Amino acid sequence: MSCRVVVLLSGRGSNFQAIAEARLPIEIVAVISNRPHAAGLDYARTHGLAAIALDHTAHPDRAAFDALLAEEIERHRPDLVVLAGYMRILSPAFIARFEGRLLNIHPSLLPMFQGLKTHERALAEGVKIHGCTVHFVTADLDHGPIVIQAAVPVRADDTPDTLAARVLRQEHRIYPQAVRWFAEGRLEINRGRVNLKDDPTSQSVFPAGM
Ligand code: GRF
């Protein structure tokens, strides 16, 4: 039986697309956006996937909106919920409900650069290595157990956009990989760390030349 996946997004949806096109042992049973005009919803529709808009601006109360969102997700009986550019902080009750089956991708090498504008901040700090992280979501914002990370070099002439593009190419590699491992039942969380069953070496990705 394949792993039932619900995707949450807010915008472009390129990570969702990478997961959808990666031939994984999963079934994407719904794609939900808090922004009705998210490009990711268009991609879902044109590929015959259930595309659902739940406009958060119609629900000023975060807890109430998250309760509605959780109900909508549960209707699809997911084994895994994938945050793919979902740009809203989730309430603690929501996270508790899905903990252990909720993955996120963050555009930095966590725990560095939690929060927003990660590429600008990496350039401002002058770091020479940057990257991205797939992690389980816990109540601690951008701080859950790490599944996989990819590193990229930072170049002297980088702008936030050129750096973001380099990182994004790696996001599209590691997120499908993390989802595959989850679907295969290979991820074990032990005291805040994620161990990959049978293969402890492939949770760090260094592109050619690094
Ligand atoms: C990505 O950079 C991801 O790391 C961050 O939001 C962005 C979403 O991009 N969480 P996309 O919508 O997947 O193209």
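These legends accompany a set of close-up views of one predicted model.

The model is predicted, and local features are described where pLDDT is at least 70, side-chain atom pairs where pLDDT is 80 or more, while totals for chains, interfaces and linings use all residues. Residues are numbered from 1 along each chain as its sequence is written, and side-chain values use heavy atoms, with hydrogens and water left out.

**View 1**
The secondary structure of the chain comes to 6 helices and 10 strands, where helices (H or I, at least four residues) and strands (E, at least two) are DSSP runs numbered from the N terminus. Along its principal axes the C-alpha trace spans about 45 × 40 × 35 Å. The radius of gyration of the chain is 17 Å, which agrees with the value near 17 Å for a compact globule of 210 residues; this radius is taken over C-alpha atoms, and the globule rule is 2.2 Å times the number of residues to the power 0.38. Of the 210 residues, 49% are buried, a word that stands for under 20% relative accessible area, with exposed meaning over 50% and partly exposed in between (1.4 Å probe, protein chains only).

**View 2**
Eight strands form an open sheet with mixed pairing, in the order β3-β2-β1-β4-β5-β6-β7-β10; two strands are taken to pair if DSSP finds at least two bridges between them. Strands β3 (51-53) and β10 (204-205) stand at the edges and have a single partner strand each, so one side of each is left without a neighbour in the sheet.

**View 1. Strand β5 between its two partners.**
With strand β4 (residues 80-83), β5 pairs in the parallel sense over 3 bridges, and Asn104 of β5 is the bridge partner of Leu83. From β4 the chain crosses through helix α4 (residues 92-98) to β5 in a right-handed β-α-β crossover, meaning that, with the strands pointing away from the viewer, the path from the first strand over the helix to the second runs clockwise. With strand β6 (residues 129-136), β5 pairs in the antiparallel sense over 4 bridges; here Leu103 stands opposite Phe136, and Ile105 has Val134 as its bridge partner.

**View 2. Leu83 in strand β4.**
Leu83 is placed in strand β4 and, at 5% relative accessibility, counts as buried. His56 is 27 residues away from Leu83 along the chain, and the C-alpha atoms of the two are separated by 16 Å.

**View 3. The surroundings of the ligand.**
The ligand is surrounded by Arg12, Gly13, Ser14, Asn15, Gly85, Ile105, Pro107 and Glu171, a residue being counted if one of its heavy atoms lies within 4 Å. Oxygen atoms of the ligand lie 2.5 Å from a side-chain N or O atom of Ser14, 2.8 Å from a polar backbone atom of Asn15 and 2.8 Å from a side-chain N or O atom of Glu171. The protein covers 86% of the 360 Å² of accessible area that the ligand has on its own, as found by the Shrake-Rupley method with a 1.4 Å probe.

Most residues other than glycine have a negative phi, and most peptide bonds are trans. The peptide bond from Leu110 to Pro111 is cis, with omega near 10 degrees, and Pro111 is in the loop between β5 and α5 (118-125). Arg77, in the loop between α3 (62-75) and β4, has a positive phi of about 45 degrees and, at 57% relative accessibility, counts as exposed. Asp142, in the loop between β6 and β7 (146-153), has a positive phi near 50 degrees, but this residue is buried, with a relative accessible area of 10%.

**View 4. The hairpin of β8 and β9.**
Strands β8 (residues 187-190) and β9 (residues 193-196) run antiparallel and are joined by 4 bridges, with Leu196 of β9 as the bridge partner of Leu187. The hairpin has 2 residues between the strands, and Arg191 takes a positive phi near 45 degrees.

Technical notes:
Polar contact = N/O pair within 3.5 Å; in protein donor to acceptor, adjacent residues only side chain to side chain.
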